[in-house]
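Here is a short walk through one structure, taken one part at a time. Please look over the sequence and the model before reading on.

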Amino acid sequence: MSARKQAVLNAIDAANAEDPNMENGQPAELLYGQRMSAELDRLFPNASDALQIAARGQHVERWKLKRTEYPEGRAGYLAWRKAQGVYHADVVRGFMEQAEYGADQIEAVEHMLRKQGIKRHADVQALEDVICFVFLKWYFEPFAAKHSAEKIQRIVEKTAIKMSAEGRARVLAEFDLPDSLAAAFRD
């Protein structure tokens, strides 16, 4: 691993270590970033530096933009998500500039973190597939325990739509989903 990539990953981890929210005795976003990197390594072992940085920085300092600061409902949620993407891209840009990455690589990471090019750009789509796998593997069960069957079905369907055909096929191969949920991942 290059020294500058390690410097950026270390900076992301140091920022996320400040998360006041804990999960399994660790700062929640630090753990999330580690899970993203591990899943990226498993799904895309030859990922570019930019994709590796974007995966680790996907939720950098996520707790700083609170959902409660945005209106209730879908429009407020989408505005919050968009603001998060812009914020994450800005924070990671600063870390990459400090590590003397070039403009092209910084811009590539920014596009991934802002979700610009899903279904059109391979690295943006790869990041989205990793996000979906991390959600299904680590966060879906606790989420499902809090919501109605109808909401769970809608979330699973929205998750599947964001994924590549290859990603959906892997979900079907790797997860034991009830038929109603598995149907969302079938082409």
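Begin with Glu-128, whose contacts, apart from neighbours within four places in sequence, are Lys-115, Ile-118 and Lys-162. The model in view is a predicted one. Glu-128 belongs to helix α6. Is Glu-128 buried or exposed? Its relative accessible area is 3%, and because the limit for a buried residue is under 20%, Glu-128 counts as buried.

Helix α6 spans residues 122-145, and its axis comes within 10 Å of the axis of α3. The two axes cross at roughly 35°, and the crossing of α3 past α6 is right-handed. On the α3 side, the residues that make this contact are Leu-51, Ala-54 and Ala-55; on the α6 side they are Asp-123, Ala-126 and Leu-127. Sorted by class, the contact of α3 with α6 has five nonpolar residues, one charged residue and no polar ones.

Helix α3 covers residues 49-57, and helix α2 covers residues 28-43. Their axes come within 7 Å and cross at roughly 145°. Which residues of α2 meet α3? They are Gly-33, Gln-34, Met-36, Ser-37 and Leu-40. Across from them, α3 contributes Leu-51, Gln-52, Ala-55 and Arg-56. The contact of α2 with α3 divides into four nonpolar, four polar and one charged residues.

How values were computed: Residues are numbered from 1 along each chain as its sequence is written. This is a predicted model: local features need pLDDT of at least 70, side-chain atom pairs count only at pLDDT 80 or more; totals for chains, interfaces and linings use all residues. Side-chain values use heavy atoms; hydrogens and water are left out. Axes are lines fitted to C-alpha atoms, for helices over the stretch in contact, and angles run from 0 to 180 degrees between N-to-C directions. Helices (H or I, at least four residues) and strands (E, at least two) are DSSP runs, numbered from the N terminus. Contact means heavy atoms within 4.5 Å. Ala, Val, Leu, Ile, Met, Phe, Trp, Tyr, Cys and Pro count as nonpolar, Asp, Glu, Lys and Arg as charged, and the others, Gly among them, as polar. A crossing is left-handed if the near helix is turned anticlockwise from the far one by less than a right angle, and right-handed if clockwise. Buried means under 20% relative accessible area, exposed over 50%, partly exposed in between (1.4 Å probe, protein chains only).
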